[in-house]
Amino acid sequence: MQISLARQVALITGASSGIGHAAAKALAAAGAAVVINYNRQAEPAEALARQIIADGGQAIAIGADVSKEDEVERLFAQTLEAFGSLDILVANSGLQKDAAAVDMTLDDWNAVIGVNLTGQFLCARAALRIFNRQGVREGVSRAAGKIIHMSSVHQRIPWAGHVNYAASKGGVDQLMQTLAQEVSHQRIRINGIAPGAIRTAINEEATEGAAGEKLLELIPYGRIGDVDDVANAVVFLASDAADYIVGTTLFIDGGMSLYPEFRGNG
Ligand code: BGC
């Protein structure tokens, strides 16, 4: 299977680090022009853009807080100014602010819902408006646009101490499915990815040393995931190789969502 995203434009939110960073890199390697969105960390996003351009690709880094409507509108307008079209949105920005429910502040609830759920809605809405205007770009892709919503195994697995995060990802699942039901007839493909434990700079503490060993008890496949495990799936879902995949979530979790604690128990 040969995948080329040549002549396509991809916008990846939250791409200054972790899964978003790897996804931007992989989409660029597949030939897409990429918009590397960041919120606070401009430098790693700009460094990635420079690297992609040095390798012969097309990239731009654009700062915007996806939980703010005016910033999202500006992000998409700047994307069109830079590259003239949009074919792929990876709605990836996400954060965690963990606390027991009894101690969780409304600010921490709102911050997580604001980025993880409202941010994905605002970006999807902006992308859909562009896809509707563009229609299918003949010879570029069979679809009029593709959206990939970055979810989590916690769209399915309840997670004590993380009620804001789990609720946001449960919401992402219905956001993705409802949008897919609403717009598939316009040849727009919307899907989700639900990563499990993926090694990134942000969750180093939970994935290294003794904590990492303990985490492995939850992963039947016996290893913690790498960002490229997810980035490869982003490229596939964004490509015409996945043209008949609509409204589904791909779990990339080494079997975490199989409830491994029930093996030989229950
Ligand atoms: C979270 C990680 C966590 C994983 C499995 C992900 O959604 O971002 O911090 O390790 O779920 O629990």
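**Note on the predicted model: salt bridges, cores and selected residues**

1. The structure holds 12 salt bridges, a salt bridge being a side-chain nitrogen of Lys or Arg within 4 Å of a carboxyl oxygen of Asp or Glu. This is a predicted model, in which local features need pLDDT of at least 70 and side-chain atom pairs count only at pLDDT 80 or more, while totals for chains, interfaces and linings use all residues. Residues are numbered from 1 along each chain as its sequence is written, and side-chain values use heavy atoms, with hydrogens and water left out.

2. One of the salt bridges joins the side chains of Asp65 and Lys68, at 3.1 Å from N to O. Asp65 is buried, with a relative accessible area of 12%, whereas Lys68 is partly exposed at 39%. Here buried means under 20% relative accessible area, exposed over 50%, and partly exposed in between (1.4 Å probe, protein chains only). In general, side chains of opposite charge can pair when their charged atoms come close.

3. A second pair is Glu73 and Arg125, whose side chains meet in a salt bridge of 3.9 Å, N to O. Glu73 lies in helix H3 (residues 69-83) and Arg125 in helix H4, so the pair ties together parts that are 52 residues apart in sequence. Helices (H or I, at least four residues) and strands (E, at least two) are DSSP runs, numbered from the N terminus. Glu73 itself is partly exposed, with a relative accessible area of 35%.

4. Arg189 forms a salt bridge with Asp243, and the closest N and O atoms are 3.8 Å apart. This pair links distant parts of the chain, with Arg189 in strand S6 (residues 188-195) and Asp243 in the loop between H8 and strand S7 (249-252), 54 residues apart. Both Arg189 and Asp243 are buried. The two also belong to a network of salt bridges that links Arg142, Arg187, Arg189 and Asp243.

5. The largest nonpolar core has 37 residues, of which Ile12, Leu27, Val34, Ile36, Ile193, Val230 and Val234 touch the most other members. The elements that give two or more residues to this core are strands S1 (9-12), S2 (33-38), S3 (59-63), S4 (88-91) and S5 (145-150), together with helices H1, H2 (42-54) and H8 (227-238). Apart from it lies another core, of 31 residues, among them Val115, Phe131, Leu175 and Met176. A nonpolar core is a set of buried Ala, Val, Leu, Ile, Met, Phe, Trp, Tyr and Cys residues joined through side-chain atoms within 4.5 Å. In soluble globular proteins, nonpolar side chains tend to be buried together.

6. What does Ile12 contact, leaving aside its neighbours within four places in sequence? The partners are Gly20, Ala23, Ala24, Leu27, Val34, Val35, Ile36, Asn37 and Val90, where contact means heavy atoms within 4.5 Å.

7. Helix H1 (residues 18-29) has 12 residues and reaches 17 Å from its first C-alpha to its last, close to the 16 Å expected at 1.5 Å a residue; the expected span is 1.5 Å times one less than the number of residues. Within H1, Ile19, Gly20, Ala22, Ala23, Ala24, Ala26, Leu27 and Ala28 are buried. Just after H1, Gly31 takes a positive phi of about 110 degrees.

8. Thr200 lies in the loop between S6 and helix H6 (204-207) and, at 17% relative accessibility, counts as buried. Leaving aside neighbours within four places in sequence, Thr200 is in contact with Gly18, Ile19 and Val227.

9. Ile60 is found in strand S3 and, at 29% relative accessibility, counts as partly exposed. Not counting residues up to four places away in sequence, Ile60 touches Val34, Val35, Ile36, Ala49, Ala82 and Phe83. Ile60 and Arg50 are 10 residues apart in sequence and 8.2 Å apart in space, C-alpha to C-alpha.

10. Leu106, Trp109 and Val163 make a nonpolar surface patch of about 280 Å². Patches are made of residues with over 30% relative accessible area and no salt bridge, with like charges joined within 9 Å and nonpolar side chains (Val, Leu, Ile, Met, Phe, Trp, Tyr) within 5 Å. Accessible areas come from the Shrake-Rupley method with a 1.4 Å probe, and for residues only the protein chains shown count as cover. Trp109 is placed in helix H4 (residues 106-134) and counts as partly exposed at 32% relative accessibility.
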